Amino acid sequence: MKIGHINYLNLLPFYQFLKKKGIKVSKSYPAKINEWFEKGQIEAAFISSIKTKNKKCFNAGIIAQKKVKTVIVCKGKGEDTESATSNVLAKILKQNGKVVIGDKAFKEKNCIDLAEVWYKKYKLPFVFAVFCANKNNKKYKKLIKNFLRQKQKIPYTTLTKYAENIEISYKEAKEYLDKIIYYKIGWREKKALKIFWKKAKQMEKNGKFI
């Protein structure tokens, strides 16, 4: 298996799941994972939602309901070079400023949570990435089904160490994984994806994307 892994806290449960199975991954940030996937350098990964339309994907994603904490717009200007979906989402929601995603967002204060803005507008969760494969589809379908089957337990020492590395408390890291991030894509998540893709396409036609 050749799996790309977004090296953020939001996928630590998936990383632990793969580690238990002895499956190695290639780690990077979302935009780089997308690039590897497109070039066929990896077989499967959680791909940025903006890149997943018409690809072979499964009912697993990186999802947040009402708030996400790690996809935000702060004072300043500029897109986050690690991102693909979030830069587009900020434009769709007309949130001007500096886009910040991933673990570094925990350090930012007084910013706008894009999942919160999305929920207020559409009353739906937001799907930031979807697990897709470009090879060995049956194998990856079974893998992701097993991942979703039960909640992944992260050892206290593992989560504590990760939290220390990104300079947040164990409590904040645990609450983020237990109460904010989830992975199962159902009808509401699919509806949210369709709205996102439609809005992105409209903006692209209107020349709003660089």
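Helices (H or I, at least four residues) and strands (E, at least two) are DSSP runs, numbered from the N terminus. The model is predicted, with local features requiring pLDDT of at least 70 and side-chain atom pairs pLDDT 80 or more, while totals for chains, interfaces and linings use all residues. Residues are numbered from 1 along each chain as its sequence is written, and side-chain values use heavy atoms, leaving out hydrogens and water.

**Overall**
- The chain contains eight helices and nine strands.
- Along the principal axes, the C-alpha atoms fill a box of roughly 45 × 40 × 30 Å.

**Helices α1 and α5**
- The axes of α1 (residues 12-20) and α5 (residues 137-149) come within 11 Å and cross at roughly 115°; axes are lines fitted to C-alpha atoms over the stretch in contact, with angles from 0 to 180 degrees between N-to-C directions.
- Contact (heavy atoms within 4.5 Å) involves Pro 13, Phe 14, Phe 17 and Leu 18 of α1 and Leu 143, Ile 144, Asn 146 and Phe 147 of α5.
- Seven of these contact residues are nonpolar, one is polar and none is charged. Nonpolar means Ala, Val, Leu, Ile, Met, Phe, Trp, Tyr, Cys and Pro; charged means Asp, Glu, Lys and Arg; the others, Gly among them, are polar.

**Cavity lining**
- α3 (85-92) and β8 (126-133) each supply at least two residues of the lining of the largest cavity. A cavity is a set of points on a 1 Å grid, over the protein atoms alone, where a 1.4 Å probe fits but cannot get out, and lining residues have an atom within 4 Å of a point.
- The lining has 20 residues, with Asn 10, Pro 30, Ser 86, Ile 101 and Phe 128 nearest the centre of the largest cavity.

Note on methods:
1 Å grid on protein atoms, 1.4 Å probe; cavity = no way out; pocket = protein on both sides within 12 Å on 5 of 7 lines; lining within 4 Å.
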